[in-house]
Amino acid sequence: MLKAGIPGERLVTIYKGHDPSWYQSSGPPPDLSSEFGIPPDAFVVGCAANVRVSKGADVLLKAVHQLVDVPVIHFLLMGTVSDRGILRSADDPRSAGRLHLTGFRKDARHLLGGCDLCVMSSRTEGLPKGVIEARAQGVPAVVTRVGGLPELVEDGV
């Protein structure tokens with residue numbers, strides 16, 4: 001709106017109505033090893049998103065490929081993948097056994113609670129529920145500085 005020439009004093013930010021208590025898990029974290037074959041001692045990086053180009057999942061996959069020498073790190077990508085490039089990249093041998101694509105999951109919030117870290121590498125973004133869900137369960141987040149993401153994560157905290 002600012003870029004369109006509307007004065008800032010005439011604009012008001014209206015946030016989504018979220019209560020963090022909605023996203024807190026009522027039970028133990030999920031057993032990611034039984035369903036996805038993730039070793040119990042793995043460090044799990046989770047991302048819950050409708051995976052399209054704007055979500056930057058390709059950036060996450062580059063991290064997977066760069067961390068090939070750190071087999072203890074596993075990546076759990078939850079959501080419908082509409083970015084065909086992600087599906088092609090997921091077949092890369094450097095991702096083998098460490099990248100887990102779940103597809104759409106009604107229990108993504110619960111799965112995020114079993115992760116050690118939440119990542120949102122979006123190129124553009126509003127205020128993503130996945131980060132709110134993870135943080136409400138005590139899972140720290142690493143995000144890009146776009147849209148509302150910087151409002152959800154305080155650097156160094």
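**Pocket, sheet and cavity in a predicted model**

Let me begin with the largest pocket, where helix H4 (108-112) and helix H5 each supply at least two residues of the lining; helices here are DSSP runs of H or I with at least four residues, strands are E runs of at least two, and both are numbered from the N terminus. Please keep in mind that this is a predicted model, in which local features need pLDDT of at least 70 and side-chain atom pairs count only at pLDDT 80 or more, while totals for chains, interfaces and linings use all residues. Residues are numbered from 1 along each chain as its sequence is written, and side-chain values use heavy atoms, with hydrogens and water left out.

The space in that largest pocket comes to about 400 Å³, and among its 21 lining residues those closest to the centre are Ala-48, Arg-105, Ala-108, Lys-129 and Glu-133. By class, eight lining residues are nonpolar, five are polar and eight are charged. (On a 1 Å grid over the protein atoms alone, a pocket is an open set of points with protein on both sides within 12 Å along at least five of seven lines, a cavity is a set where a 1.4 Å probe fits but cannot get out, and lining residues have an atom within 4 Å of a point.)

Turning to the sheet, we have five strands in an open arrangement, ordered S3-S2-S1-S4-S5 and paired in parallel, where pairing requires at least two DSSP bridges between two strands. At the edges are S3 (99-103) and S5 (141-143), each of which pairs on one side only, and from one strand to the next the twist averages 25°.

Helix H2 (residues 57-66) touches S1 (43-48), S2 (73-78), S3 and S4, and its direction makes about 160° with that of S2. (Axes are lines fitted to C-alpha atoms, for helices over the stretch in contact, with angles from 0 to 180 degrees between N-to-C directions.)

Within the sheet, S1 and S2 pair over six bridges in the parallel sense, with Val-44 opposite His-74 in S2. S4 (residues 117-120) and S5 are also paired in parallel, over three bridges, and there Cys-118 stands opposite Ala-141.

How many residues of S2 are buried? Six of the six are, so S2 is largely enclosed by the rest of the structure; buried means under 20% relative accessible area, exposed over 50%, and partly exposed in between, with a 1.4 Å probe and protein chains only. Ile-73, Phe-75 and Leu-77 point one way from S2, whereas His-74, Leu-76 and Met-78 point the other way. S1 is mostly covered as well, with five of its six residues buried.

Finally, the structure holds one cavity of 30 Å³ or more, and the largest cavity has a volume of about 40 Å³. Its lining includes Cys-47, Leu-77 and Met-120.

Methods:
Contact = heavy atoms within 4.5 Å. Points joined across faces, edges and corners; volume = space filled by probe spheres on them. Nonpolar A, V, L, I, M, F, W, Y, C, P; charged D, E, K, R; others polar.
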